[in-house]
Structure formats: structure tokens, C-alpha cells
Amino acid sequence: MAESMHRFPGYDVLAKRDTPSWNPQTRRVIEERLALPPQAHGFFTEAEWRTLNAVCARILPQPPDRADPVPIAALLDQQMQQNRGDGFRQADMPPLREAWRRGLAAIEAEARLRHGAAFHALAAAQQDALLHSIQQGEVRAAEWQGLPVAHFFKARLLHDIVDAYYAHPTAWNEIGFGGPASPRGYVRMGFDRRDPWEAVERKP
Amino acid sequence: MSASDNHSGASPGGPDRPAGEDPLVTPRARQGRAPDVFRPGAWLPMREYPEDEPVDFAIIGTGAGGSTLACRLAEHGFGVVALEAGPFWRPLEDFASDELEQSKLYWLDERITDGEDPIEMGRNNSGRSVGGSMVHFAMVSLRFRPEWFSARSSLGYGVDWPIPWQEMWRYYAEVEEALKIAGPVRYPWGPPRGRYPYRAHEVNAAGLVLARGCEALGIPWAPVPLATVSAPRGQSPPCVYRGFCIIGCSTNAKQSPLVTWIPRAIRAGAEIRDLAMAGRVELGPRGRVSGVHYHREGRWRFQRARNVVVAGYAVETPRLLLNSACPAFPDGLANRSGLVGKNLMVHSGHGVFGRVEEEVRWYKGPPSLALTEHWNYTDTGKDFDGGYVPMSQGPLPVEWANVLTARGIWGEDLRQRMTDYIHGAGAKIVGEVMPQERNRVTLDAEQDRFGLPVARVTFSYCDNDRRLIRHALRFQRQLLEGAGVTGLFDVEDTAHLMGTCRMGTDPVRSVTDADGRCWDIPNLWVCDGSLFPTSGAVNPSLTIQALACRAADRIRTLARRGEL
Ligand SMILES: Cc1cc2nc3c(=O)[nH]c(=O)nc-3n(C[C@H](O)[C@H](O)[C@H](O)COP(=O)(O)OP(=O)(O)OC[C@H]3O[C@@H](n4cnc5c(N)ncnc54)[C@H](O)[C@@H]3O)c2cc1C
Ligand code: SF4
């Protein structure tokens, strides 16, 4: 889907930055997020970084004509640097950083075993097929040893990528979310009621 | 950073303020003052108690149970020190409208989960701050059905509570008044009750979908009684329907303990110590506890106390008691019954979602504004024990995306479906879960940053739980079909934590008596969700606060009789 096919044409949550919808602390937090360089990484190695970027591009493919793509991989690297987990993990799952490092290594190994090539070098369809088999837990590489494969895919890989993406204003624009709202909230609550500071949906 | 930004939240997501100002690093409540949550940069004078003289009550945890008890005990004239592992937030300055940033409200230290149905912790159920989990709760404030207090003798399942419902009813009214609960004039279920202190909130479109479904089925629905004010109250402005409630209310409309019980407690002479992590309760001479070892400002300290109350919620409370094992209590403090940590309960939170033609924009307003307690008060047509209550939903984007990925959806498909966000509608239950001893909190070999063994949380549904869930999913499908929702799909979830230090009338079958007083140690108390013998099928915080109000009154009575 090209960005030009947007459901909410012209909507930009950032346009509300200087309105009563945004308080100072929200401005600060979102500005920090927007300032993150897409190539910034201090946790992942170069090899991991290449695999990770390729994985993110398949889990949440972004339109090529997008002006401000979500820097998913950089957000994940930041999460790893801060070691920001969920506050729990299942008994058979390694801690956050270890899970990601081992997971990425295993994805890479799986790609080489199946296709004799690096994951990032595969065609999109091959990458998708490989990710689907990981989701089903159908893997062959020895590197998966000690990782609960399907659970890793769902609770770690998918979960962290999706958390990063939908925490970004670009994603909020895409889905017509009102975005930050404090001190001003909303007034019109019923069916088909829209406050003037909410997104207008393009009707077919 | 501009001057006005100086007090904004410490961000786990970026460059922070100097360490001296970061509320996650440096305590705020000290040197005789605590943050005044209603005025930026302002302080309330706070009494301080010395560590080496026994304070009447040292309370561990300042959530629904701990803060309420701290307030009421202080108002009854007792000396109170409340230790809280989390920070003391100033919502007006610290709370951003952002899901990622606000993860700072959760208990994010590791816990290990297992069992057949491992539960999600962290943002799903555990807070860590002054005010506890209610700082990011959804404000739903419901009373138990009266018969649930005698579940075994009246309804034939679970166990009886040691407190008659009429007594709980009085304390419910006290809490509803203290939080100015906004609810309907006439609530459709249960015995007659006084009207709610504040008028009900307007029901948003997401709630109206549920209402439409109930009307199609010919069963009653109601606006949800909520702990956020529908008109100004003191320094709290009315709710502005910004919809970020479960990541913290930045306007102080929400009547969480942080803006209700805590300021009251401080005014009544309680001391709150933030960033104070209790690690062990010390058993002293004569079979009584003597105080609490806790970590604050870089070192371990000891607060002496005549009484210790554990109020860390259903995982941290048993963890602390188990971590406090000593020669007299090798299996954990106050654990002669062997029940500390056992009978952990959650609520099943299974739901059904879909799409409606109208724009719903369910991010507006508190997440749950309409419900039906039909299956809590109807006993026929059920193939299970217990009850459940479907409620309307309003997930924020990250939360909603996680609902879709849990179904295995990703890629272009996920992005496409997410663009339907403003047409989403659905319902989720708070469903009763049976107490089972195999569901429990134990200690894991792994240690946290304080060197304390972390909790291992084991959970599996029983057959009755599964039958209830099946019934609830079927019913919610009917409800939503009747409301014109299409493309329905089921989701699995849990909410809330209860049990693990159940109260009762028999020292062999419970950990504490009806007052939360441990059978094994007369000056050790529990006051939080871990006391619940059964889970009921409504959100627990109103009941936890009612128990705390009752415990405070009972403690005053016992003290007057010389029975403390
Ligand atoms: C997203 C969400 C929505 C919810 N919505 C609702 C709702 O709408 N209605 C409802 O009734 N309930 C709701 N709840 C549940 C409700 O918040 C809890 O049931 C309730 O707060 C539990 O009260 P408590 O006193 O047992 O524990 P908590 O409120 O969790 O308080 C425990 C406190 O103890 C502290 N603590 C723990 N261990 C230690 C230690 N060792 N030393 C020092 N401090 C410690 C913790 O940091 C915490 O602040 C919700 C919960 C969540 C997470
Ligand atoms: S909707 Fe109301 S209670 Fe919820 S965060 Fe906004 S103002 Fe607070």
C-alpha cells in the first residue's frame, strides 16, 4: 500500500504539537523519539543489525514513498540498551537481550541452511516464508536450541517490533489515532462524532 | 531543556534529567515533605518517624490496600510509615500521553511465569509507584454480588469469606464516597444501594455498541461506575475523556490513591517513603515481628515497628513472606498452613472484537464505559460455577496491535487491519477463576537487582474456568452480532491478581483471619488483593479498599481492647 493511499489523507498528529492536546512532557518524549537517527545502534552487531532491519521490513513493511518511516530497528536497539523488558518471561525463555541475540543468530543460520544466503539477501517472499515457519516452530538450524521457537516469534520478535512501530507518530497518522491528548481530551463521544482536532477518514 | 520541563517525567526512553531530579532514582518524599500532586513543584509537609524507634505500623506497599490502610490508621491516630518500592509521581508534570514512556508505571523487574496457561505480568496487572496499580487502573469500581461472600454455602463452589456481605456493603459505601465514584442513579443489579456520589459519565460509542447488543438480547446494561470524577472535586478537574487512563491520568481526574488516600494519609500524619524496597520482615522475640529490612538510597536499612503490614499485591506479598523465612518459619514467615503463595487467582479476560460501519474512535474516554452484570446475577443457563461481566473496550494503538499479533497476524495484513482502528468495537469479560492450590507464587533461583530471589508465578485454568470462558465467548458473540459488529474474532486475556494469602476462619485452611491478621504471628498483617478467598467476577480494587477500611476500624477496636 503506497502512502498516497492513506485512509486519513492530510492528517498529522504532529500538527497538534503546539495545541492544548500536548503537554510539555509529551512534547519532550515524542521529540526524543523523532530525533532518533534510523541508523543508530549500539547494542546490535553489524551482522545482527542487517538481519534485524530485514526482519522489521517484513513484519511491518513500510510504503516506499513514506516521508518519515518509523525507525523500528533503532527503537529496538534503544530498548536493548535500556534493557527494557516486560516485567516477566516464561520459564523457557531467555532474558530480553539474550533472546534477541540468539533469535537473530538462529534466523540467520536458518536462512543459510535453507537458501545458502544471508537472511537480508533473500527475496521478500523467501523471507516471509522463513518467518512463517519460525512462527509455526518449524525450524532446522541447531542455533534454535534452547529457544522456544514459536513463543519467541510471538512474545519477543513480533511483540517488540509492533510495540516500537505503533508508538510512533507516523503509525498514529496511518490509523487515524488522535495521538497525545492532555490537557485537552475529547468532547464528542458518540457514533460518527469527530472533534475538529481528530482525523478525517477518507470515505470510499 | 526549558524551565517548565524540569519536572517532567524521567524517561526510560531517552536522555533524562540530572539524577538528583529523577524520581526513579532519587526519592522525593523525604526531609519532612512529600510532593503535592495537585500543584506543580509544590510540597506537602510530612511527618517523619525515626527508624530506631518502633512505629505503630510499618506498611509495605502503597497500592489499593496499603494506601487506604495507611490513611485510615493515621486518621485513627496511629503512627504509620509506608514503604513503597516505586517512585512518587507528580501526574501533572510527569505523565505523558504516550504508551511507551508510561511503561515507567509498571512493575518491570523480572518474574518467571509457567504453568499450562502462563499469565502476563507487567503492564497487564502490576504497578509500582506510590498509589500502586491503581495509578494505571481502568477505574472500574464494582461491588461483589452479596452471595459471593458465601460462595460455598450459598452457591456451592469455592470457599466462604469470613466477612458477611452486609458488613462489606457498609465499607463499599465508604470507599465509593471517598473516591466520589461516578455511576448511574439506579444500578440494575443487586440489593438496593444509595445513589453514586457523582453522576454517570457519558457512554462513548464503544460503550453504546455493547448497549445496543444488550438491548437486542433484552437484557439490562449500565454505564460503568468509575473512579474518575464527572464534575469538579476539590483540586481534581472533571475527566476530559482523553482515554489514556491505563497509562496514568495526567489531569488528576482519576481518583487513584495517589490523589485520594495518599494526600489524606500524609495530612493525617503518615510518612510515605518512596523508592523503598522491602526485602525481609524480621522475626523478633516472643514470636512477633520487630520490623522491616528495606533498601533505599543505595543501602539496606531497618525500620522498627510494633506491627508490620504486607500490602505488595498477590505476587510480591507472598514473595516477601517466603523471602523472610527464618529458623522459626523455615517455609516462609507466617506459613505454618503452607498456604502462603497458593490459590493464586486471576480474572479471565477473554473477549470478542470486530468492526462496525460507524466511526467509533474508541480511544476517547475511559476504556470501559458500559457493562452488563447479567451473568453475575443469573444462575440458570450456566454450565459452570461463578460469573462474568462483559465490558466495552477502548484499547490504545500498541495494545490493539498486540491483540492482532496475538492472533498471529503480521506484515502488510497487520498494517491494513490496523487502519480499521477507529471502527473497532468489542467486549471483554472479567471472569471468575476458581482457587486452586497448584496455582501459586514460589521463589525462583534467579535474583533481582537487590539480590532477592524473584517470584515464579504458576498458573493453569481448571475445567470450570474453561467452561466459563467458552460460555462467555459464545455470549459475547451473540451480543456483538446483535449490535451489528462484523468480522468477529476471539481473544484470550487475563487481568488482576488475587489470593496467595487467603483469609478465613480456620488457621489450617487460611493464612490470616478476617482482619488480615496472620494466624501465626499476631503483629503481622496482610492488606491487599492476596487476601481474597475467591475472585468474584468484578474488578477487585473497590473490594480491596473496603477490606482495608474495615481492617483499620477493626485494628482501632482491638487496640482499645488491648488486643493488639
Ligand atoms: C491495566 C490495569 C487496569 C486495571 N483496571 C482495574 C479496574 O478498572 N478496576 C479495578 O478494580 N481494578 C483494576 N485493576 C487492578 C487493580 O489496580 C489492582 O487489583 C489493585 O491495585 C491491587 O491492589 P493491591 O493493594 O493489592 O496492590 P497494588 O495496588 O499493586 O499495590 C502494591 C504496591 O506495593 C508495592 N510493593 C510491592 N512489593 C513491595 C516491596 N517489597 N517493598 C515496597 N513496596 C512494594 C508495589 O510497588 C505497589 O505499588 C487494574 C490493573 C491494571 C494493571
Ligand atoms: S479519560 Fe479521564 S480519567 Fe482517563 S486519563 Fe483522561 S482525564 Fe484521566
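Select chain A and chain B together: between them they bury about 5800 Å², 55% of it on carbon and sulfur atoms. Buried area here is the accessible area, taken with a 1.4 Å probe, that two parts lose on being put together, summed over both. On the side of chain A, the residues that lose the most area to chain B are Phe88(A), Met189(A) and Phe191(A), together 14% of what that side buries. The model is predicted, so local features need pLDDT of at least 70 and side-chain atom pairs count only at pLDDT 80 or more, while totals for chains, interfaces and linings use all residues. Residues are numbered from 1 along each chain as its sequence is written, chains are lettered from A and ligands numbered from 1 in the order in which they are written, and side-chain values use heavy atoms, with hydrogens and water left out.

Chain A contains 7 helices and 1 strand, where helices (H or I, at least four residues) and strands (E, at least two) are DSSP runs numbered from the N terminus. Read from the N terminus on, the elements follow the order α-α-α-β-α-α-α-α. The C-alpha trace of chain A spans about 55 × 35 × 30 Å along its principal axes.

**The contact surface**

Bring chain B back. With contact meaning heavy atoms within 4.5 Å, 69 residues of chain A are in contact with 77 residues of chain B. The rule finds 8 salt bridges across this interface, a salt bridge being a side-chain nitrogen of Lys or Arg within 4 Å of a carboxyl oxygen of Asp or Glu. To view one of them, select Arg89(A) and Glu446(B), whose side chains meet at 2.8 Å, N to O.

By class, the side of chain A that touches chain B has 30 nonpolar, 18 polar and 21 charged residues. In this count, Ala, Val, Leu, Ile, Met, Phe, Trp, Tyr, Cys and Pro are nonpolar, Asp, Glu, Lys and Arg are charged, and the others, Gly among them, are polar.

Two strands pair if DSSP finds at least two bridges between them. β1(A) is joined by 2 bridges to β5(B), residues 112-114, and the two run parallel; Gln90(A) has Thr113(B) as its bridge partner. Thr113(B) is also the bridge partner of Val457(B) in β19(B), and 3 bridges join β5(B) to β19(B), again in parallel.

β18(B) pairs with β19(B) (residues 453-458) in the antiparallel sense over 5 bridges, with Leu443(B) opposite Ala455(B). These two strands form a hairpin with 5 residues between them, and Gly451(B) in the turn has a positive phi of about 80°.

**The ligands**

Now select ligand 1. Of the 38 residues around ligand 1, those that come nearest are Glu84(B), Ser133(B), Val140(B), Tyr313(B) and Ser541(B), counting a residue as near if one of its heavy atoms lies within 4 Å. A polar side-chain atom of Glu84(B) is 2.6 Å from an oxygen atom of ligand 1. A polar backbone atom of Ala85(B) lies 3.0 Å from a nitrogen atom of the ligand.

Finish at ligand 2. The residues around ligand 2 include Met139(B), Cys239(B), Tyr241(B), Arg242(B) and Cys249(B). The shell divides into 7 nonpolar, 3 polar and 1 charged.

Definitions and conventions. A polar contact is a pair of N or O atoms within 3.5 Å; within protein, one must be able to donate a hydrogen and the other to accept it, and residues adjacent in sequence count only if both atoms are side-chain atoms.
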